[in-house]
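Here is a short tour of a protein chain, written for someone who would like to find their way around the model. Please have the sequence and the 3D view open as you read.

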Amino acid sequence: MSATATHTAFRTCPLCEAGCGLEIGLAGDDGDTRVTRIRGDRDDVFSHGYICPKGSTLRQLHEDPDWLRRPVVKRDGRFVEVGWDEAFAEVERRLGPLVDEHGRDAVAIYVGNPNAHSLSGLLYLRPLIKALGTTNVFSASTVDQRPKEVSSALMFGGGLTVPVPDVDRTDFLLMLGANPYASNGSLATAPDWPGRIEALIARGGTLVVVDPRRSRTAEEATQHVAIRPGADAFLLMALVNVLDADGLVDTGAAGEYLSGVDAALDAARPFTPEAVAEVTGVDADVIRRLAHDLAAAPTACVYGRMGTTTALYGTLASWLVDVLNALTGNLDRPGGAMFTKAAAGASNTRGTPRYGRGTTLHRRRSRVRGIGETLGELPVAVLAEEIDTPGEGQVRALVTVAGNPVLSTPNAGRLDAALGTLDLYVAVDPYVNETTRHADVILPPPTPLQKGHYDLALLQLALRNVANYSPPVLSLDEGQLDEWKILARLALVAQGMGADADPTIVDDLVVGTLVDAAVADETGPLAGRDADEILALLGERTGPDRLIDLMIRTGPYGDGFGADPDGLTLDVLLAHPHGIDLGPLEPRLPDVLRTPSGMVELAPEPILGDVARLRAALDVPTSGMTLVGRRDLRSNNSWMHNVEVLVKGRPRCTLHVHPDDAARLGLVDGADATVASRTGRVAVPVEVTDAIRPGVVSIPHGWGHDLDGVELSVARRHAGVNSNVLADDELVDPLSGNAVLNGIPVEVAPA
Ligand SMILES: Nc1nc2c(c(=O)[nH]1)N[C@H]1C(S)=C(S)[C@@H](COP(=O)(O)OP(=O)(O)OC[C@H]3O[C@@H](n4cnc5c(=O)[nH]c(N)nc54)[C@H](O)[C@@H]3O)O[C@H]1N2
Ligand SMILES: Nc1nc2c(c(=O)[nH]1)N[C@H]1C(S)=C(S)[C@@H](COP(=O)(O)OP(=O)(O)OC[C@H]3O[C@@H](n4cnc5c(=O)[nH]c(N)nc54)[C@H](O)[C@@H]3O)O[C@H]1N2
Ligand code: SF4
Ligand SMILES: [Mo]
């Protein structure tokens with residue numbers, strides 16, 4: 001590696017939701033360009049130089065010898081490198097007969113987290129799913145934020161119409177089940193959450209963190225409330241109850257757009273602070289004071305994340321977060337919970353403002369357990385049983401795209417075993433990991449530095465309105481294929497058009513569909529224009545670049561293909577490598593809504609229908625140990641443990657245990673404990689710490705790399721254990737189907 005950079009490129013980091021700007025030093029010339037260093041881009045309009053330890057490892061990822069550079073096909077139990085034509089031919093040879101014999105639902109697809117940051121994933125998965133024609137569609141969303149998408153779809157009319165906490169202007173932030181010091185924030189896109197929190201405290205603001213662990217974020221907080229796992233919905237109900245009982249409800253300017261205020265207040269009646277004190281483990285007077293502090297703050301926002309969504313009452317908790325924002329007059333005002341106005345891709349900037357079709361949940365149910373579909377997907381908690389339960393409609397083949405469900409989904413042991421029985425498994429993934437080791441064909445994408453980037457999904461949830469496009473930093477090596485072409489060619493195979501069909505067929509179809517929709521949108525900037533004219537104006541670009549250009553130009557800041565000559569285009573973004581700041585968030589009610597009533601639905605019928613379940617649980621006594629997860633700044637779910645600088649040092653996959661529990665159970669710091677649940681058991685080193693609530697233990701997810709056949713040479717040496725062996729696939733939030741990954745009943749003993 002050469003030491004000095006001869007030129008510099010700028011690129012958004014695609015690894016997490018923060019979307020930091022990176023300054024990438026490069027040396028060498030065409031075809032032999034090397035990265036010399038990566039640091040934060042001080043001129044980035046959003047991140048201003050902030051970077052975490054992962055951002056600078058894009059070079060190590062790019063150079064990782066385990067990152068596959070060619071497709072592989074399994075022959076006699078071993079992966080063999082093949083050319084692309086041969087790989088797609090193998091898929092075609094096996095997929096066609098399988099579908100002919102068993103039907104399209106016999107093929108399932110699982111879509112993982114990195115797709116949320118990938119233009120290829122966001123733009124070309126849809127045609128692939130359509131071509132597969134299966135109803136067995138699964139994703140990481142149902143081990144993550146699906147409850148928030150469901151509550152937002154019901155309340156505001158869009159799954160991604162999620163109000164975000166206006167951290168930079170608020171006086172009071174009530175944060176539940178999130179640890180942005182480790183995660184860098186989620187469903188609230190902003191680089192440098194730590195800096196933003198420090199600024200909040202420095203200006204005299206208040207941060208209350210609700211978490212069974214005294215997380216790094218809780219340490220910075222004004223107040224830490226160590227709740228019992230899984231109890232957030234009770235606590236939030238009690239806050240609503242106090243606001244009502246003590247005459248503190250004031251819906252403010254958004255009030256005229258709220259429907260169902262009284263019904264929401266009624267729902268909270270049984271949940272007095274005294275009634276929930278036992279189940280939440282939080283004293284009634286602490287709850288009462290918190291409600292009063294929230295109401296008294298000049299501005300405030302309530303924000304809930306993983307700890308609130310991966311729980312039995314995830315949708316109720318997600319709903320209650322925004323009910324509280326509304327009841328305190330903080331919905332849609334600066335310093336409160338606000339709606340981003342994204343430059344591209346948002347459903348809440350298309351079609352008729354304010355009004356929409358609404359959302360129907362559970363239009364169909366899973367075959368074996370009968371869990372309802374949401375937003376076009378089934379919960380991944382049922383994937384294993386759909387594979388291992390024989391009968392009509394059984395899943396016999398799987399496609400995964402950027403997913404590692406063996407480490408990330410509940411009852412992982414069962415899923416792992418089920419994957420071994422598939423007739424066909426095709427993975428689009430760079431690694432032979434815990435999941436893809438079962439694949440018959442692996443189609444590897446280029447590395448992040450070889451792809452263009454625009455955070456189409458996460459910029460819809462940004463704490464400022466920002467647009468930023470980065471072109472690829474490094475070109476493809478001989479024999480690599482752009483990921484959009486991989487997905488397009490798979491779609492063509494699934495469609496029966498052949499293994500060697502041209503991926504531009506799919507590309508032209510996607511762009512044509514989007515242009516047709518744009519000219520048909522009577523309220524949009526292209527209303528009444530000619531589709532062919534627009535296609536011609538898009539010029540010579542192909543692939544994601546052409547689509548993102550179209551989306552930006554038809555978006556709320558776009559040039560509308562001539563309608564606003566000063567508006568944004570991809571060319572304008574290319575001329576601004578540090579991004580374009582479109583200003584702070586502004587109130588968007590009622591136009592942001594897409595509900596049938598044109599109102600914020602504070603009491604959606606499906607959610608009110610679930611309150612009885614919460615009410616019944618008030619009377620169930622709490623007992624036993626429960627398991628929660630945690631994140632580390634140096635991790636990224638399951639897949640970056642192959643980067644040496646991120647895993648070296650003390651082991652991070654440990655069991656956090658409170659000293660009282662350690663003494664009671666005979667657990668010793670550094671020695672192994674056995675943790676067992678209904679679904680499995682693991683042996684994991686104990687780390688005794690008072691930063692966890694007694695009765696609760698914590699293991700991070702994403703570890704357990706020492707399975708046979710895993711080709712991750714660094715990660716294998718720092719294997720850890722798979723916490724999702726313990727997560728129970730039978731525990732789901734019934735409204736969203738989301739898995740319960742926090743608050744799992746376990747037994748703990750010395751190993
Ligand atoms: N470094 C790093 N960053 C990441 C990731 C990563 O793996 N590593 N993953 C990315 C992804 S995909 C996501 S979705 C985000 C998630 O981002 P966050 O939502 O901030 O996720 P966590 O850091 O897991 O924080 C969840 C917190 O909830 C607490 N908790 C557990 N159970 C409960 C409960 O019942 N109630 C309450 N109130 N709290 C509870 C846990 O102790 C933990 O501190 O992070 C993203 N960023
Ligand atoms: N117990 C517990 N379980 C959890 C969580 C938890 O907090 N606790 N968190 C949950 C959350 S929030 C999430 S989002 C899920 C994540 O669940 P998944 O999405 O299933 O898992 P990841 O670990 O993100 O794996 C990403 C996969 O994508 C591959 N990959 C990386 N980059 C690319 C790319 O550019 N293209 C392609 N095609 N592949 C790529 C990696 O090799 C890896 O196999 O895990 C969930 N599971
Ligand atoms: S916080 Fe770290 S991983 Fe996330 S975008 Fe920024 S540099 Fe990348
Ligand atoms: Mo996630």
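## An enclosed helix

Helix α4 (residues 146-156) has 11 of its 11 residues buried, so it is largely enclosed by the rest of the structure. Buried here means under 20% relative accessible area, with exposed being over 50% and partly exposed in between (1.4 Å probe, protein chains only). Helices (H or I, at least four residues) and strands (E, at least two) are DSSP runs, numbered from the N terminus.

The buried residues of α4 include Arg146, Lys148 and Glu149 as well as Val150, Leu154 and Phe156. Among the elements that cover them are α12, α13, α22 and the strands β21 (594-595) and β22 (600-601). Just after α4 comes glycine 157, with a positive phi of about 95°.

## How to read the numbers

This is a predicted model, where local features need pLDDT of at least 70 and side-chain atom pairs count only at pLDDT 80 or more, while totals for chains, interfaces and linings use all residues. Residues are numbered from 1 along each chain as its sequence is written, chains are lettered from A and ligands numbered from 1 in the order in which they are written, and side-chain values use heavy atoms, leaving out hydrogens and water.

## Domains 2 and 4

The domain assignment lists domain 1 (1-63), domain 2 (166-344 + 596-614), domain 3 (503-578) and domain 4 (623-750); such bounds come from an automatic or database assignment. Taken over C-alpha atoms, the centres of domain 2 and domain 4 lie 27 Å apart. Their contact (heavy atoms within 4.5 Å) draws on 26 residues from domain 2 and 24 residues from domain 4.

Together the two domains bury about 1,900 Å², 57% of it on carbon and sulfur atoms. That area is the accessible area (1.4 Å probe) that two parts lose on being put together, summed over both. On the domain 2 side, Arg213, Pro229 and Thr310 supply 30% of the area buried against domain 4, more than any other three residues.

The interface of domain 2 and domain 4 holds 2 salt bridges, each a side-chain nitrogen of Lys or Arg within 4 Å of a carboxyl oxygen of Asp or Glu. Arginine 214 forms a salt bridge with aspartate 690, their closest N and O atoms being 3.1 Å apart.

## A buried asparagine

Where does asparagine 738 sit? Its place is in the loop between α26 (713-717) and β28 (744-750). Asparagine 738 is buried, at 0% relative accessible area, and its contacts include Arg146, Pro147 and Thr310.

Terms used:
Lists of a residue's contacts leave out its neighbours within four places in sequence.
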